[in-house]
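Could you walk me through this protein fold before I open the viewer? Here is a short briefing to read beside the model.

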Amino acid sequence: MDKKTHIAIFPSPGVSHLIPFVEFAKRLVLLHNFHVTCFILTTTDDYSAPSPAKKAILDSLPATIDIIYLPPAVNFDDLPKDSKPASKLSLIITHSLSSLQTLLNSLLISSATNSTPLTAFFADPFGVKALEVARGLNISTFIFFPTNAAVLSLLFHLPMLDKSFSCRFMRDLPDLIKLPGCAPLHGKDVLEPIQDRQSETYKSFLNTSKEVYLTEGIIINSFSGIESEAIKALQANEGMLPIFPVGPIVQIGPTNSNTNGSEYCLSWLDKQPSRSVLYVSFGSGGTLSSDQMTELAFGLEMSGQKFLWVVRKPDNESANAAYLKDSQSQFEAIDVLPQGFLERTKGRGLVVQSWAPQTLVLSHGSTGGFLCHCGWSSTLESIVEGIPLIAWPLFAEQKMNAVMLVDGLEVALRPITVENGIVGRDEIARVVKVLMDPSCEEGKKVRDRMNELKDAAAKALSHDGSSTRALSDLAFTLRSKASN
Ligand code: UDP
């Protein structure tokens, strides 16, 4: 009997990191007969009760993916309210390293005595310290980069960029940043955790950009159909590690179908005309201020278009108040929306609280547009279904993604922010109409372009497509290691 190749994966906390990482692992299992062990980080708040979304993902894993839960390291609720997601991630990972070392060592010993010795350890860019632990045990390491080539390119260019400017904040950079093969970037659109050069997260990104060279390869969730030049430029770089563009890796339906409210959303969509509904969502943890939420509600109402809106409790201090939290504090949508909004939009709009079965919504024939925060998984999920976008970036690398989607790929419209960072109701109603009204020429261009990308994504994932080949190359590399 052929020995299975065995790898371990270590997704950083948060469902949006877990989703693409386990989908990647599933592909190695299903297409290349791999065995995978998945280490799951926990915090004291989610240890006893993981969110329905996280539970649905973990419950849907095939039997050839083993899960090892690390003991809870920290309680996010004990951290200051304004802690940035990147700091929270770093904290929980740092506190889990010694348990990881113990458990990984046991796995190494036990797997060596059965038919599936552990060959390699994969972590995402937040987990570079975990990669160090694995290397300390003589395990080969790889990075699973859940975003795109543009962000990876920025990571590689950061040390050079760092030497070339003196201002403290990226937003003050006088010139556009020109990363090879990517749409030029204003400093203000560079990923948010590295905006301030004096911050700890900036220093840790700078460190990550050096640490990646200690690994044996990087897997990116992108494909040549959308980032051909950026990928080529990365691969052509002298001294570069092997890069495997295996995307688009997106969540497959069933993991999403048994979360709360799923049937309700889908049966409402069943009753709507083809391509008539705008899906509105800000990812796994994006939040709006109360004022912005009011403007969005009025904008959707004034647009006259149908919508399905995943509403979160507003937060006036942070755009990522719900990020990395498995469940948001309880609230009633009626209490956070303008008075009378739900009655006035009844039948035309559906509001769901906190979470929707996103991939099922996007693949539904009634969905025709997505007002999206430009998180990379949401972006890819939209591309796979050919759903055009309204770009509404909030934090992390979302502004960079928005630049690519609006200026580079031309598959998204971006509303103009008017005052104090607020997008007004008139502007919202205008872009929604442009995207959703079938008779609007400007919207048609964006819809047509998105359909081209949908075809390009399907091609990349086809039997002989570029991403299928990249995954086979990776599987071959890992198998060769296993047999040495
Ligand atoms: N998601 C979902 N339902 C929701 C919100 C998000 O299923 O109501 C999923 C979405 O399909 C995607 C992930 O959560 O797979 C969000 O990841 P993304 O990278 O887009 O954004 P982030 O959450 O990191 O900001």
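Predicted model: local features only at pLDDT ≥ 70, side-chain atom pairs only at ≥ 80, totals over all residues.

A residue counts as buried if 20 or more other C-beta atoms lie within 10 Å of its own, as exposed if 12 or fewer do, and as partly exposed in between, with C-beta atoms placed from the backbone. Helices (H or I, at least four residues) and strands (E, at least two) are DSSP runs, numbered from the N terminus.

Residues are numbered from 1 along each chain as its sequence is written.

**Strand 8 and its sheet**

- Strand 8 is covered on both faces: Val-277, Tyr-279 and Ser-281 are buried on one side, and Leu-278 and Val-280 are buried on the other.
- Two strands pair if DSSP finds at least two bridges between them; strand 8 pairs in the parallel sense with strand 9 (residues 306–311) over 4 bridges.
- Strand 8 also pairs in the parallel sense with strand 11 (residues 367–372), over 5 bridges.
- Leu-278 has a bridge partner in each of these strands: Phe-307 in strand 9 and Gly-369 in strand 11.
- Val-280 stands opposite Trp-309 of strand 9.
- Together, 6 strands form an open sheet with parallel pairing, in the order 10-9-8-11-12-13.
- Strand 10 (349–353) and strand 13 (412–413) stand at the edges with a single partner strand each, so one side of each is left without a neighbour in the sheet.
- Strand 8, helix 11 (residues 290–303) and strand 9 make a right-handed β-α-β unit; right-handed here means that, with the strands pointing away from the viewer, the path from the first strand over the helix to the second runs clockwise.

**Strand 5 and its partners**

- In strand 5 (residues 140–145), 5 of the 6 residues are buried, so strand 5 is largely enclosed by the rest of the structure.
- Strand 4 (residues 118–123) pairs with strand 5 in the parallel sense over 4 bridges, and Ala-123 has Ile-143 of strand 5 as its bridge partner.
- Strand 6 (residues 218–220) pairs with strand 5 in the parallel sense over 3 bridges, with Ile-219 of strand 6 as the bridge partner of Phe-144.
- A right-handed β-α-β unit is made by strand 4, helix 5 (residues 128–136) and strand 5.

**Helix 1**

- Helix 1 (residues 15–32) has 18 residues, of which 14 are buried.
- Its first and last C-alpha atoms are 25 Å apart, close to the 26 Å expected at 1.5 Å a residue; the expected span is 1.5 Å times one less than the number of residues.
- Just after helix 1, Asn-33 takes a positive phi of about 60°.

**Backbone details worth a look**

- Ser-354, in the loop between strand 10 and helix 14, has a positive phi of about 70° although it is not a glycine.
- Ser-354 is buried, with 21 other C-beta atoms within 10 Å.
- Cys-374, in the loop between strand 11 and helix 15, has a positive phi near 70°.
- Cys-374 is buried too, with 29 other C-beta atoms within 10 Å.
- Gly-247 and Pro-248 are joined by a cis peptide bond, with omega about 0°.
- Pro-248 sits in the loop between strand 7 (243–245) and helix 9 (254–257).
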